[in-house]
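Dear colleague,

I am handing over the structure below for your reference. My findings follow directly after it.

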Amino acid sequence: MNLYPRFAGHVADALNGLMAGGDLPAGLSLANVTVEPPRDASHGDLATNAAMVLAKPAGMKPRDIAVMLAQQLARLPDVASAEVAGPGFLNLTLDPGVWRAELAAIAAAGADYGRSALGAGQHVNVEYVSANPTGPMHMGHCRGAVVGDALASLLAFAGFQVTREYYINDAGGQVATLARSAHLRYREALGETIEIPEGFYPGDYLVPVGQALAAEFGPAYVTAPESEWLVLFRTRTVALMMERIRADLAQLGIHQDVFFSEASLGNRVQEALDTLDARGLIYQGVLEAPKGEAGEDWEPRPQTLFKATQFGDDSDRAMQKSDGSWTYFAGDVAYHWDKLERGYTALVDLFGADHGGYVKRMTAAVRALSDGKVPLDIKIVQMVKLLRAGEPVKMSKRSGNFVTLADVVEEVGKDVVRFIMLTKRSDSQLDFDFAKVVEQSRDNPVFYVQYAHARIASAKRKAAEAGIVLPPADLDRLDATDLALVKVAAQWPRIVEQAAEAREPHRIAFYLNDLAAAFHTQWNMGNDDPARRFVIADDPGLTAARLALADAVAQVIRNGLAVMGVEAAEELH
RNA sequence: GCGCCCGUAGCUCAGCUGGAUAGAGCGCGGGACUUCUAAUCCUGAGGCCGCAGGUUCGAAUCCUGCCGGGCGCGCCA
């Protein structure tokens, strides 16, 4: 069992013992009792707030409870000291043997160190990317793709069963426009000189699509009315675009399990509507005119509406247009209905910032459809500002002038892109500067973390080159300074659980930065004091112990990077 | 008008499911090299955590109101 849950158990046992012995009133709730590392390392290795939390319900003074608890905990063989501090904190200092044991545990668990059973029995669907199939992936899609993928990996590492999913918006007006744009390129491929009207997709990427269509159909549809080719061309073009999008995603190391087509929903939409209707949540009505500036040509019309307001939305939402066709929202409701029917215990969607206004109605729909039993967590992913040496790079899909994901990956590499996308909370804006992300300096976390890992690999190479014959590592050779590094590495299982619970993969990146900093600090002590080096030629025993320590740090770095989908570097150049 | 997000050091941001003296990087001052044991490290200065109330033993964190910035708000997708 991991360190922190183990000691949380010790604290709970001690408190229960005090209750059983009559020193504390029976039946106190321990729900708010925490056992965590204190912010300040000088306070010890673990701190619990138990005395302060329990003081009021127990009708006792915090310090009195803390003293009793300290006496109990001090008896544990792993506890070196237990001291009451501040308003009633209980600080525990652990026996150094605990950290040596943890070091051995890291080595024994290897790539599984930090894996958690937090999500055991739960099956989460994470939907991300879901870019319209109207062109290749550009940098606007990138962040959601990486954050979603890392979140999925994080949840999997935390014990959840995870399905990674992509929703293909292949049914609306935009893909019809795409099909018309492809038809133009088709005619172009057959020798016509074309002009691309305003509102069509002008990008070069449709040229090969036109060629493929020309090769498949010959001139059959050049002058045919749109009704004869639109659906066909749409299907072909979307399929080719999706092929390309999948290839783009593969370059980023992203492979999703399910690609769900909006066009394939069919009568699922009616089913979802019926389900809501059966619960009395559908009615015919007229929405109020929207406030604000966009209300000039608005006319009141009766529509089929979903009672979203009953589930916390600000307005009821249209499912069916006045002409009887479905709204986009209706399709999305049906899609989530489908997900629910597939039996997930929780749903996660990643939305771009421009879809923030959509969150309430979607969560309302899922709440209605699942009787509130399946939570939908929508993560908003903010825009990425692309910079080149401080100057903004302009992008516009409409004009066909955008920076593709493939270009960026080719320029700076998959690992850099992925890491940088996780260096901030996903709901705050992110700058991506081509110059800075490849810089080899302290303020580039990609480099900084990789450098720590590379240094460890280097130390091991150096030891081998020097012909040092390593005995089995005797961890007793490690002193308090060495063990400080183990304490940071030992945080990893906690970080995994906290990040998974908060569904915030960026925490992994921040933690790795901290771990790397702790390692670099240790490493640099060797500059001033050769006895603190990791490789000491005339002391193979100490070298073996130190390399075991370094190995554990490297292992945790690799495990963290693996969750982020980044490969650990053996050397940097 | 309504809704959502944000406001933390000069700058970029962590911390926000309440804990002890609010952290990191950059930049600025001082120090250790000349590159996988200096791509790094150490050290110093720098904060009404937007403002005002409230809840609590305890608030950057939760609640309310305000101020400031961003985004969204039709039957588009």
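In this predicted model, Leu 387 counts as buried, because its relative accessibility of 11% falls under the 20% cut-off. Leu 387 belongs to strand β13, which covers residues 384–388. Setting aside residues up to four places away in sequence, Leu 387 touches Pro 392, Val 393, Asp 431, Phe 432, Asp 433 and Phe 434. One of these, Phe 432, is 45 residues from Leu 387 in sequence, yet the two C-alpha atoms are 5.8 Å apart in space.

The chain as a whole gives the setting for this residue. Chain A has 573 residues, of which 50% count as buried. Its secondary structure consists of 18 helices and 15 strands. Taken along the principal axes, the C-alpha atoms fill a box of roughly 85 × 65 × 40 Å. Where contacts join residues at least 6 apart in sequence, 71% of them link residues at least 24 apart.

I turn next to two helix pairs that share helix α3. Helix α2 (residues 50–58) packs with helix α3 (residues 62–74) at an angle of about 125°, and their axes are 8 Å apart. At that angle, α2 is oblique to α3. The crossing of these two helices is right-handed. On the α2 side, the contact is made by Ala 50, Ala 51, Met 52, Leu 54, Ala 55 and Ala 58, while α3 contributes Pro 62, Ile 65, Ala 66 and Leu 69. By class, this contact of α2 with α3 has 10 nonpolar residues, no polar residues and no charged residues.

The second pair brings in helix α1 (residues 3–20), which packs with α3 at an angle of about 120°, the axes being 10 Å apart. This angle makes α1 oblique to α3. α1 passes α3 in a right-handed crossing. In α1, His 10, Val 11, Ala 14, Leu 15 and Leu 18 meet Met 68, Leu 69, Gln 72 and Leu 73 of α3. The contact of α1 with α3 divides into 7 nonpolar and 2 polar residues, with no charged ones. Leu 69 of α3 takes part in the contact with α2 and also in the contact with α1.

After α7 comes Gly 218, which has a positive phi, near 60°.

Finally, I would draw attention to two backbone angles. Most residues other than glycine have a negative phi. Ser 130, which is not a glycine, has a positive phi near 45°. Ser 130 lies in the loop between β5 (123–127) and α5 (139–157), and counts as buried at 15% relative accessibility. Asp 371, likewise a residue other than glycine, has a positive phi near 55°. Asp 371 is found in the loop between α11 (359–370) and β12 (376–381). With a relative accessible area of 52%, Asp 371 is exposed, whereas Ser 130 is buried.

With kind regards

How values were computed
Residues numbered from 1 in each chain as written. Chains lettered and ligands numbered in written order. Predicted model: local features only at pLDDT ≥ 70, side-chain atom pairs only at ≥ 80, totals over all residues. Heavy atoms only, no water. Helix = DSSP H or I, 4+ residues; strand = E, 2+ residues; numbered from the N terminus. Buried < 20%, exposed > 50% of the residue type's maximum accessible area, 1.4 Å probe, protein only. Contact = heavy atoms within 4.5 Å. Axes fitted to C-alpha atoms, helices over the stretch in contact; angles between N-to-C directions. Parallel < 35°, antiparallel > 145°, perpendicular 65-115°, else oblique. Left-handed = near helix turned anticlockwise from the far one by under 90°. Nonpolar A, V, L, I, M, F, W, Y, C, P; charged D, E, K, R; others polar.
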